[in-house]
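These are my notebook entries on one structure. I set down what I looked up, entry by entry.

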Amino acid sequence: MFKRTATQAWRFRRLHSHISHTAQAARARPAQSVVIASSAAATAGLLWYSFGTTIHNDAIITPKPEDIHKSVQKAPTSSTGITEDDGSICAVVWGSNQYNVINPNEPGVKQVQYPVNVSWLKDVALRDLRLHERHAACVDARGDVYQWGDGFFGSNPTSKSEPQGPKLTLRGHNIIQLQLTESRIYALSASGKIYVIAANAGQQKMPSSKPLPASTTSWWEPWIWGAQGNVIDFAEIAPKQKLGRGEQFVSISAGKNHLLALTSSGRTMVHPMNKNANTHGQLGLRKFDIPTASSSTDIASPPRIPVELVPRAVADPFATASPFSRSAASAVPSSTSTNIDGIDDQHIRFSDALFEIPSLKGIKVSQIAAGDRTSFVVTDSGRVLGWGANEFGQIGLGGNMTLDTIILPTEVVLSRNVPGSVRTRCIDISAGKWRISGGDLTCFVAERTDGESLVYADLLTCGNGQWGGLGNNLYSNAQGNPVRAKNVSGLREYNEDSRTMSPILPYAISVSPTGHVLLTLDTQAHGGPGGLGRDLVAWGTNHDYQLGTGKRSSLAVPTTLEHPEGGRFILGQRKAPVRDLTGYTWKKKVEVEQCAVAGYGNSIIYWKIK
């Protein structure tokens with residue numbers, strides 16, 4: 001009896017334990033289901049974000065939440081530079097429009113993702129157009145200068161949503177070429193004179209007690225300029241050394257703080273803009289003079305102040321050395337003359353002269369180019385001389401050159417990586433605006449001739465290629481030995497006239513100070529009557545869609561640009577009616593061609609008068 005009772009009790013406890021575990025499992029099952037469902041939802045969300053969001057390895061700007069609503073123009077209808085409605089010429093833009101430089105008529109659009117036609121240059125062909133970071137300027141068909149951009153109108157415009165188009169500033173001087181810096185605009189006239197005006201409209205106002213500039217002393221010039229308040233303050237930059245008979249300036253090229261000028265006789269002169277004009281020896285000289293601050297424009301021979309600007313590497317050779325190997329800071333001499341400490345170097349009249357570079361006297365120069373802190377010249381024999389900043393190897397003196405400052409013009413050897421039997425001659429250089437190079441990247445176009453009389457051309461690059469600007473499929477922030485850019489070097493095409501293979505040369509090169517390059521290949525030169533135009537090639541940094549690919553990934557290899565609607569981007573030429581920027585017809589049948597310019601994080605193609 002007792003045995004049966006014990007057995008029944010043990011069976012009862014076992015049944016009760018089984019029921020308890022079953023109830024606990026039933027109660028825990030909903031909680032486990034909730035956890036599994038939450039994990040699945042989180043995983044699905046992570047996968048959706050990973051596949052839907054592209055993070056580029058070279059992205060440097062993270063958009064703020066308040067900037068997400070800013071408009072980005074994406075899908076254009078046309079990007080050919082020809083309007084679809086009436087076939088008129090117009091400009092094509094893409095990239096950053098943060099300061100209303102490439103499309104001032106649409107201030108709400110901060111970025112243009114793809115190349116798109118714009119109407120603010122409809123039926124307008126220009127002599128020249130230049131882009132800076134916050135302002136821009138152009139020369140219309142009549143030779144007048146127009147300016148626009150937030151940097152020109154000021155930081156507080158009347159309305160941020162109100163369009164601020166190009167404004168006429170310098171007129172009546174038949175300008176043919178412009179060069180822009182952060183605070184000034186230099187203009188070269190057809191007569192060989194060089195003028196300078198302020199980049200900001202507020203600094204162009206003529207003082208009420210001041211007469212017209214000395215260059216407008218003729219009775220007819222005030223009538224041309226207009227007496228309705230259109231006169232602005234400007235100055236003429238004259239050569240300190242007397243020019244020869246019939247000699248005049250034919251080209252100018254501006255760096256960040258200095259200006260190079262070339263005369264028709266092959267003489268090279270330099271102009272210091274401010275006290276930082278010779279920080280890296282880019283002037284090619286140290287001593288010059290400037291007018292006194294109280295000098296008036298109506299004085300024939302104003303008093304002068306002698307100035308000496310010593311390169312920083314010379315004034316303090318151990319500036320980058322350790323504290324144990326350099327002298328005390330108090331013992332380091334100043335690189336700027338103390339007699340100009342109280343002079344405002346931001347005024348356009350800080351320096352009013354051009355000075356001939358002593359080491360280039362007697363050397364006939366055919367081309368000049370200025371980078372931000374570098375200077376280059378090409379002699380009539382095809383040799384290149386460079387000087388200035390060299391910390392990225394942008395002068396091209398080779399990988400063994402460790403000096404970061406070159407104070408004297410030094411020859412750049414472009415035949416270093418080719419056999420001795422190949423003859424090399426530089427036919428073009430791009431280190432400062434239009435055949436343009438900016439910042440710390442330099443491009444050389446070298447003509448090669450081997451023993452079989454076969455001619456070809458190479459594009460050689462050096463300097464800072466951190467974002468792929470070298471074009472050699474590498475990202476390098478220092479390149480002292482000029483390297484051969486891929487896809488655009490050694491190209492040939494069939495010549496219809498000579499029935500032989502001829503080299504394809506770069507027709508124009510524009511290098512942005514922010515690191516992207518636009519190169520126009522002269523694919524039409526030997527193409528015969530069926531040639532459509534010139535191919536446009538782009539590479540380098542692309543953080544603001546400045547390459548026109550619709551993406552933000554940079555390109556380290558020159559790539560042919562394509563229209564968003566399909567087809568290669570070919571720059572054309574034609575005869576078209578041309579208006580000035582006031583809307584009046586200048587001429588009806590004018591030969592014009594498309595020209596590409598690389599700006600600060602943006603690009604523009606405009607029609608240029610041939």
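Entry 1: I began with Phe153, which counts as partly exposed because its relative accessibility is 26%. The model I am reading is a predicted one. I then looked up Phe152, which counts as buried because its relative accessibility is 1%. Phe152 and Phe153 form an aromatic pair of the edge-to-face kind.

I next examined Phe376 and Phe444, another edge-to-face pair, with 5.9 Å from centre to centre and 80 degrees between the planes. What does this pair tie together? Phe376 belongs to strand β19 (residues 374-379) and Phe444 to strand β23 (residues 441-449), so the pair links parts that are 68 residues apart in sequence. I noted that Phe376 is buried, at 0% relative accessibility. Phe444 is also buried, with a relative accessible area of 0%. The count of aromatic pairs comes to six.

**Entry 2: nonpolar cores.** I looked up which residues touch the most other members of the largest nonpolar core. They are Phe288, Ile290, Val384, Leu414 and Phe444, in a core of 39 residues. Strand β18 (residues 365-370) gives the most to this core, namely four residues. I also recorded a second, separate core of 35 residues, whose members include Val116, Leu126, Cys595 and Val597.

I then followed Ile290 on its own. Apart from neighbours within four places in sequence, Ile290 is in contact with Pro303, Arg304, Ile305, Val307, Ile340, Ile343, Phe350 and Ser351.

**Entry 3: charges over rings.** I searched for charged ends placed over aromatic rings. The charged end of Arg534 sits over the ring of Tyr507, at 3.7 Å from the ring centre. The charged end of Lys587 sits over the ring of Trp586, at 4.7 Å from the centre of that ring.

Entry 4: I located Arg579 in strand β33 (residues 573-579). Is Arg579 buried or partly exposed? Arg579 is partly exposed, because its relative accessible area is 34%. Leaving out residues up to four places away in sequence, Arg579 touches Asp123, Val124, Ala125, Tyr584, Thr585 and Trp586. I also looked up the separation between Arg579 and Asp140. These two residues are 439 apart in sequence, while their C-alpha atoms are 8.5 Å apart in space.

I found Leu180 in strand β8 (residues 175-180). Leu180 counts as buried, because its relative accessibility is 4% and the cut-off for buried is under 20%. Leu180 and Leu129 are 51 residues apart in sequence, and the distance from C-alpha to C-alpha is 9.9 Å.

**Entry 5: positive phi angles.** I checked the backbone for residues other than glycine with a positive phi. Asn174 has a phi near 55 degrees, a positive value in a residue that is not glycine. Asn174 is placed in the loop between β7 (167-170) and β8. Its relative accessibility is 35%, so Asn174 counts as partly exposed.

Arg499 likewise has a positive phi, near 55 degrees, and is not glycine. I found Arg499 in the loop between β26 (492-495) and β27 (500-503). Arg499 is exposed, because its relative accessible area is 66% and the cut-off for exposed is over 50%.

**Entry 6: the chain as a whole.** I then recorded the totals. The secondary structure of the chain comes to four helices and 35 strands. The chain has 610 residues, and buried residues make up 49% of them. Of the contacts between residues at least 6 apart in sequence, 57% join residues at least 24 apart. The chain exposes about 29,700 Å², and carbon and sulfur atoms supply 53% of that area.

**Entry 7: confidence.** Last, I looked up the confidence values. The pLDDT averages 83 over the chain, and 76% of the residues score at least 70. Over residues 1-32 the pLDDT is below 50, and this stretch has zero contacts in the model beyond near neighbours in sequence. Over residues 49-62 the pLDDT is also below 50, and this stretch has nine contacts beyond near neighbours in sequence.

Notes. Residues numbered from 1 in each chain as written. Predicted model: local features only at pLDDT ≥ 70, side-chain atom pairs only at ≥ 80, totals over all residues. Heavy atoms only, no water. Core = buried A, V, L, I, M, F, W, Y, C linked by side-chain atoms within 4.5 Å. Buried < 20%, exposed > 50% of the residue type's maximum accessible area, 1.4 Å probe, protein only. Helix = DSSP H or I, 4+ residues; strand = E, 2+ residues; numbered from the N terminus. Contact = heavy atoms within 4.5 Å. Areas by Shrake-Rupley, 256 points an atom, 1.4 Å probe, with all protein chains shown as cover. pLDDT = per-residue confidence, 0-100. Phe/Tyr/Trp six-rings, centres within 6.5 Å; stacked < 30°, edge-to-face > 60°. Lys NZ or Arg CZ within 6 Å of the ring centre and 35° of its normal.
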